[in-house]
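Here are my notes on the model, as numbered points. Please read them with the structure open.

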Amino acid sequence: MKKIFFSLIFLLIVISGCNTASNPTETSEVADSTPNPTQTATSAPTPTITSIPTGTPTPVTLPTKTAEPTAEPSPSRTPFLGATATAEYNEAAILAAFEQYRMALFEQDGEKAIEVIDPFSFEWYEQILVDALTIDRVELDSKEFVEKFTLLRLRHEFSQEEIQNLSGEEIIIISIEKGWVGLETISELEIDEVIIATPPLAYITFKDLPFAASIPFIREGGRDWKISLSLLIRSSNEGFEQIIADSNLAEDEFIVSMLEQLSERTVDERIFDGPIE
């Protein structure tokens with residue numbers, strides 16, 4: 001298994017999807033299917049991920065805003081899930097949403113993918129866009145890793161004017177259509193179980209991966225189960241802290257190294273101070 005936890009997180013926040021096939025020197029093999037939390041990274045100048053964080057993710061608070069249900073469910077949506085819906089019915093709807101998302105990534109169909117992403121995730125990206133245009137290095141350093149990396153990825157990939165004209169949905173669509181997701185990693189994911197937690201929250205877990213790498217779903221307006229990238233993002237920062245520590249790089253060095261690997265071009269470090277005109 002090749003850096004699958006790292007790639008999974010980036011798959012779901014749709015900002016990079018580290019494709020190990022294009023970086024053979026960055027590939028690490030696991031001896032068996034059980035993650036080894038004591039395994040450490042190599043001291044190569046680029047960050048090498050050879051362990052999977054096994055801690056339980058920090059609990060997150062569901063957004064208090066209630067998404068408005070659509071007047072008429074379209075054929076592509078999961079059927080109405082009322083109070084009498086069975087566990088099997090919910091599980092089937094969650095698996096269908098996940099498979100639609102996975103197929104959308106294979107097909108590089110961003111529009112198809114956003115159909116099964118919850119609206120709170122778009123709001124998270126909208127705030128990142130605002131921050132990418134406005135905050136300086138001091139405020140940037142106060143951000144948690146995933147927020148900081150995503151913001152810098154936007155400044156690295158897009159000009160100031162381009163960022164001004166983007167929406168949260170468009171970031172996800174562009175990322176998928178540009179193929180920023182590692183398809184090799186997607187094919188390796190093997191579903192373990194669907195966990196229906198306190199409504200409207202559920203998770204898909206994967207074999208040989210810790211619960212921290214599970215995918216959260218929210219039932220939107222009592223109707224459709226959708227992937228919650230925003231909840232996944234909030235729970236993933238702790239895992240990245242360990243990954244950075246194992247890389248033997250400072251956080252900014254780690255970010256620059258990853259951006260250069262993913263984009264295959266040199267980072268203009270002015271992005272730490274603001275967007276590039």
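1. Terms and basis. A residue is called buried under 20% relative accessible area, exposed over 50%, and partly exposed in between, with a 1.4 Å probe and protein chains only. This is a predicted model, in which local features need pLDDT of at least 70 and side-chain atom pairs count only at pLDDT 80 or more, while totals for chains, interfaces and linings use all residues. Residues are numbered from 1 along each chain as its sequence is written, and side-chain values use heavy atoms, with hydrogens and water left out.

2. Overall make-up. The protein has eleven helices and four strands; these are DSSP runs numbered from the N terminus, helices being H or I of at least four residues and strands E of at least two. Of its 277 residues, 50% are buried. The accessible surface is about 12,700 Å², and carbon and sulfur atoms hold 50% of that; the areas come from the Shrake-Rupley method with a 1.4 Å probe, and for residues only the protein chains shown count as cover. Among contacts (heavy atoms within 4.5 Å) with a separation of 6 or more, 68% join residues 24 or more positions apart.

3. Helix H8. Which residues of H8 (residues 168–177) are buried? They are Gly 168, Ile 171, Ile 172, Ile 173, Ser 175 and Ile 176. Their cover includes helices H2 (87–106), H3 (110–114), H4 (119–134), H6 (145–157) and H10 (229–247). After H8 comes Gly 179, with a positive phi near 75 degrees.

4. H4 against H6. Two packed helices are described by the angle between their axes and the distance between the axes. Here the axes of H4 and H6 come within 9 Å and cross at roughly 65 degrees; the axes are lines fitted to C-alpha atoms over the stretch in contact, and angles run from 0 to 180 degrees between N-to-C directions. The crossing is right-handed, that is, the near helix is turned clockwise from the far one by less than a right angle, anticlockwise being left-handed. H4 contributes Trp 124, Tyr 125, Ile 128, Leu 129, Asp 131 and Ala 132, and H6 contributes Val 146, Glu 147, Thr 150, Leu 151, Leu 154 and Arg 155. These residues divide into eight nonpolar, one polar and three charged.

5. Asp 273 pairs with Arg 137, with the closest N and O atoms 3.1 Å apart. Asp 273 lies in the segment after helix H11 (251–263) and Arg 137 in helix H5 (residues 137–140), so the pair ties together parts 136 residues apart in sequence. Asp 273 is partly exposed at 46%, and Arg 137 is partly exposed at 31%.

6. Lys 148 and its partners. Asp 252 forms a salt bridge with Lys 148, the closest N and O atoms being 2.6 Å apart. Asp 252 is in helix H11 and Lys 148 in helix H6, so this pair ties together parts 104 residues apart in sequence. Is Lys 148 buried or exposed? Lys 148 is buried, at 1% relative accessible area, whereas Asp 252 is partly exposed at 24%. Asp 141, Lys 148, Glu 251 and Asp 252 are linked in a salt-bridge network.

7. Lys 112 and Glu 107. Their side chains meet in a salt bridge at 3.4 Å, N to O. Lys 112 is partly exposed at 26% relative accessibility, and Glu 107 is partly exposed at 44%.

Notes: A salt bridge is a side-chain nitrogen of Lys or Arg within 4 Å of a carboxyl oxygen of Asp or Glu. Ala, Val, Leu, Ile, Met, Phe, Trp, Tyr, Cys and Pro count as nonpolar, Asp, Glu, Lys and Arg as charged, and the others, Gly among them, as polar.
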